[in-house]
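Please look through the sequence and the model shown below before reading on. The briefing is meant for a reader who is new to this structure.

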Amino acid sequence: MTAQPLRGHLHKLHAGDSSAVDAVRLRRVNRRLAQGLAGELADLYVDSHETSAPEAYRSRSHQDFLNRLTGDIRQPGFAMVIAETDSLVGCAFGFPVHSDGFWWLGFDGALPRSIEQLTDSGDVFAITSILVRPHPHDEDVARRLQERLLSDHQASLGATLVNQNDHPTLAALCSWGWLDIGEVWRPAGPTMFRVLVLALGERTAVRMEGLARDAWTRWPG
């Protein structure tokens, strides 16, 4: 199964109470708990869309998210971190990129050798979704979720897919150090996605230097 793209780094709900960032607790959950939270997570996903959306669309969106979540949960090494106060305010989840390189299927052009090597060694972790309830520090919560998910797995490289038309998400990720290394097309749909990677650790950062220069020409900031 291919990884699902990051559906907007900040899926902001249009309703709900705000919480101060220092009150937000992060907690890692296992597969069983993730399955138990599926309905609540799907509600978060659906509510991040315009509330005026037709009910039929919202129902499809709810089921589509559940289908993607179920597929991700089945992946070896699946992991989820949730952010909570007295209720769920966000989550991030994903899984390690397998050494067979199937996650990179549809990449336009030759995959950079450094990334190919990291994939072969099992050092790449794909973040497939991040959901965050809006409050004044929502980006801080998103970053904390991202960092916790990657550090828990001691990954050398984070990877994610972003809809090429989602400019706010692309800009946010690039400002946090993610590199745009190209595009990928998934057979499941017509949308083209940008592929972003995040080097973790000095050794990996050195290996990404050439890619960083290329990314700068695409996203000069």
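What follows is a short briefing, which begins with the overall picture and then moves through topics one by one.

The structure is a predicted model, and its secondary structure comes to 8 helices and 7 strands. Of the 221 residues in the protein, 49% are buried. When contacts between residues at least 6 apart in sequence are considered, 72% of them join residues that are at least 24 apart.

**Nonpolar cores**

- The largest nonpolar core has 23 residues, and those with the most contacts inside it are Phe125, Ile127, Ile130, Leu145, Leu149 and Trp178.
- Two or more residues of this core are given by each of the elements β2, β3, β4 (124-132), α5 (138-152), α6 (167-175) and β7 (192-199), and α5 gives the most, with 5 residues.

**Aromatic pairs**

- The structure holds 4 aromatic pairs, and one of them is the edge-to-face pair of Phe65 and Phe93, with 6.4 Å from centre to centre and 70 degrees between the planes.
- This pair links distant parts of the chain, since Phe65 is in helix α3 (residues 55-73) while Phe93 is in strand β3 (residues 88-96), 28 residues apart.
- Both of these residues, Phe65 and Phe93, are buried.
- Phe93 also pairs with Phe78, in a tilted arrangement with 6.0 Å from centre to centre and 50 degrees between the planes.
- The pair of Phe78 and Phe93 likewise links distant parts of the chain, 15 residues apart, and Phe78 is buried, as is Phe93.
- Together with Tyr45, the residues Phe65, Phe78 and Phe93 form one aromatic cluster.

**Strand β5 and its neighbours**

- Strand β5 (residues 157-163) is largely enclosed by the rest of the structure, because 6 of its 7 residues are buried.
- With β4, strand β5 runs parallel, and 3 bridges join the two; Ala126 has Ala159 in β5 as its bridge partner.
- With β7, strand β5 runs antiparallel, and 7 bridges join the two; Thr160 has Leu196 in β7 as its bridge partner.

- Thr119 has its place in helix α4 (residues 113-120), and it counts as buried because its relative accessibility is 2%, which is under 20%.
- The side chain of Thr119 is joined to the side chain of Trp104 by a polar contact of 3.0 Å.
- A polar atom of the Thr119 side chain also lies 2.8 Å from the backbone oxygen of Ile115.
- Leaving aside residues up to four places away in sequence, Thr119 touches Val97, His98, Ser99, Gly101, Trp104 and Val124.

**Asp72**

- Asp72 is found in helix α3 and, with a relative accessible area of 2%, this residue is buried.
- Although Asp72 and Gly94 are 22 residues apart along the chain, their C-alpha atoms are separated by 6.8 Å.

**Gln154**

- Gln154 has its place in the loop between α5 and β5, where its phi is near 50 degrees, a positive value in a residue other than glycine.
- Gln154 counts as exposed because its relative accessibility is 71%, which is over the cut-off of 50%.

**Cysteines**

- A disulfide is, in general, a covalent bond between the sulfur atoms of two cysteines, and the structure holds 0 disulfides.
- Cys91 counts as buried, at 0% relative accessibility, whereas Cys174 is partly exposed, with a relative accessible area of 22%.

Note on methods. Residues are numbered from 1 along each chain as its sequence is written. This is a predicted model: local features need pLDDT of at least 70, side-chain atom pairs count only at pLDDT 80 or more; totals for chains, interfaces and linings use all residues. Side-chain values use heavy atoms; hydrogens and water are left out. A disulfide is a pair of cysteine sulfur atoms within 2.5 Å. Buried means under 20% relative accessible area, exposed over 50%, partly exposed in between (1.4 Å probe, protein chains only). Helices (H or I, at least four residues) and strands (E, at least two) are DSSP runs, numbered from the N terminus. A polar contact is a pair of N or O atoms within 3.5 Å; within protein, one must be able to donate a hydrogen and the other to accept it, and residues adjacent in sequence count only if both atoms are side-chain atoms. Contact means heavy atoms within 4.5 Å. Rings of Phe, Tyr and Trp (its six-membered ring) pair if their centres lie within 6.5 Å; planes under 30 degrees apart count as stacked, over 60 as edge-to-face and the rest as tilted. A nonpolar core is a set of buried Ala, Val, Leu, Ile, Met, Phe, Trp, Tyr and Cys residues joined through side-chain atoms within 4.5 Å. Two strands pair if DSSP finds at least two bridges between them.
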